[in-house]
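Subject: Handover of a structure and the findings from it

Dear colleague,

Please find below the structure that I am handing over to you. My notes on it follow directly after.

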Amino acid sequence: MSRSYTDLPLHYGQVPAWLYNRMSALGVAIVEAIIMDYGKSALLQRMSDPFWFQSLGCVLGMDWHSSGITTSVMGALKRSVNKRSQELGIYICGGKGRFSRETPAELMKIAEATGLNGDLLVRSSKLSAKVDNTAIQDGFQLYLHSFILSDEGEWAVVQQGMNDATGTARRYHWHSPAIQSFVEEPHSFIYGPNQGLILNITDKQADVTRSSVLQLAKEDPSHLLPEIKKLVMPGHHDVRAEDIDLKRLGSVLAVAHERELLDMESLLLLEGLGPRTLQSLVLVSEVIHGTPSRFKDPARFSFAHGGKDGHPFPVPTKVYDETIQTLEHAVNRAKLGNADKNEAIKNLHKAAQRLEKDFQPNNNFEQLIEHERNKSWKYGGRTVFGKAKPPKEKPKGVQLRLF
C-alpha cells in the first residue's frame, strides 16, 4: 500500500454561507461530471487520493493549505450529493464531531433502501476509525469520519485527526477495493505531518506484533510506519512560487487568455465566457479529467477561485457563479444526449496539457497575484473579512502571455 505524509496546519473557523453554498453547487456538478464520464468507482478512487482531494478543496475556494479543507469539502458534498443520491448512486455519511457518530444509523438506512449489507458497512466504518485512532499511534485524535458509498457497495473513507500539541492535522484515506485486511496495511493514503518513528501495528511487518499485542507494553516498538511519500503543506498563508508548478499554471493562463490556442469548435461552444472564467474552467476541467500525476501541486488549483482568507486572492464570486452555471449546463446537455459543451470543457484541459510541453514560465508570479487582487473587486471578490475594494492606484498591466 502507498502512503503519503504532509504538514497540514490546523485551522479553526467557519465557512461563510456565501462560499459554502457555492462549494455545494460546484462540488456536486464536479461529482456528477466525473460519474458521467468515468463512473462511480472513479469518483471513489479520486476521493481516496489526498492530492486530488486537496486540489478539489482549492478549486472550491477553500484555504489552499488548511486542515479546514477536509471538514468543509465533505460537509458541502454531503449537503448537495445526498439530495441527489438516488440519481447519482452516491451516498455520504458521517462528518465532524457528533455527525461522525451518526454514521452507523445512516449506513443502515441506506442499506435498507439499496439492499446492501448494512452490518458489513457499519463494521467497515467502525474498523477504519478504530485502526486510525488506535492501531496507528501517531499522536492524532480523530474528530472527523466521512464514509462515501456507492449503491454498488464500493466505498471510500476520509477521516482526520488533530494533534493540539503540534497544531497540525493528519488526514487518512481508504478505498475498499484496495483493502485486503483491516489490520494489515489497509490505507490508500495517510495524509499528515511526518511525526518521525511511530508505532503502527497495521504495518505488514507487524503480524507478529499483532498476534502478541499484549507484550507491546514490555517492549520497544520495532515495527514502524515508514515514510514513502511526502507532500508538505507549509504554514505560510500566502501562495508562493515554490508552492506551484509554474509551467502548468502558465499553460492554464495562456489557454484562458490567448484564445487562438483553442480549437474553433471549443471557442464557439464557450462563446460569451470571459478569459477569467475560462481560467477557472481550465482548472475545473483538470480536476474532472486530470490523471493522478496532475495533482502534485494542489496550490495551483487555488488560481481558479482564490481562497476565503484572501490567498492567493479574494474569491471572485461572479466568476465562481459563471463557472457553476457553465458546468451545470454542460452536464445537463450531456444527460440529454448532447455532449458538445461537456466535450468543450474537457478540451480546455487537453489544450493546457499540449501547451505545457514547450511552455517556459518567466518571473511574473508576484505580478500575477497583484493583478488578480487588483481586479478582484470587478469579479465580486470576497473573503471572510469582507468584500474586495478597488485599488487606490491604477493597476499596472501584467503580460500574462509571458507567464
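Leaving aside residues up to four places away in sequence, Tyr12 touches Met162 and Asp164, where contact means heavy atoms within 4.5 Å. Please note that this is a predicted model, in which local features need pLDDT of at least 70, side-chain atom pairs count only at pLDDT 80 or more, and totals for chains, interfaces and linings use all residues. Residues are numbered from 1 along each chain as its sequence is written, and side-chain values use heavy atoms, with hydrogens and water left out.

Tyr12 lies in the segment before helix 1 (17-38). Helices (H or I, at least four residues) and strands (E, at least two) are DSSP runs, numbered from the N terminus. Tyr12 counts as exposed because its relative accessibility is 63%; exposed means over 50% relative accessible area, buried under 20%, and partly exposed in between (1.4 Å probe, protein chains only). Between Tyr12 and Ser66 there are 9.1 Å in space, C-alpha to C-alpha, although the two are 54 residues apart in sequence.

Next, the strands. Strand 4 (residues 155-163) is largely enclosed by the rest of the structure, because nine of its nine residues are buried. In a regular strand the side chains alternate between the two faces of the sheet. In strand 4, Trp155, Val157, Gln159, Gly161 and Asn163 point one way, while Ala156, Val158, Gln160 and Met162 point the other way.

Strand 4 pairs with strand 3 (residues 141-150) in the antiparallel sense over eight bridges; two strands pair if DSSP finds at least two bridges between them. Here Leu142 stands opposite Gly161. These two strands form a hairpin with four residues between them, and Gly153 in the turn has a positive phi of about 95°.

Strand 4 is also joined to strand 5 (residues 168-175) by eight bridges, and the two run antiparallel.

Finally, how do the helices pack? Helix 1 and helix 2 (residues 40-47) meet at an angle of about 130°, with their axes 7 Å apart. Axes are lines fitted to C-alpha atoms, for helices over the stretch in contact, and angles run from 0 to 180 degrees between N-to-C directions.

A colleague
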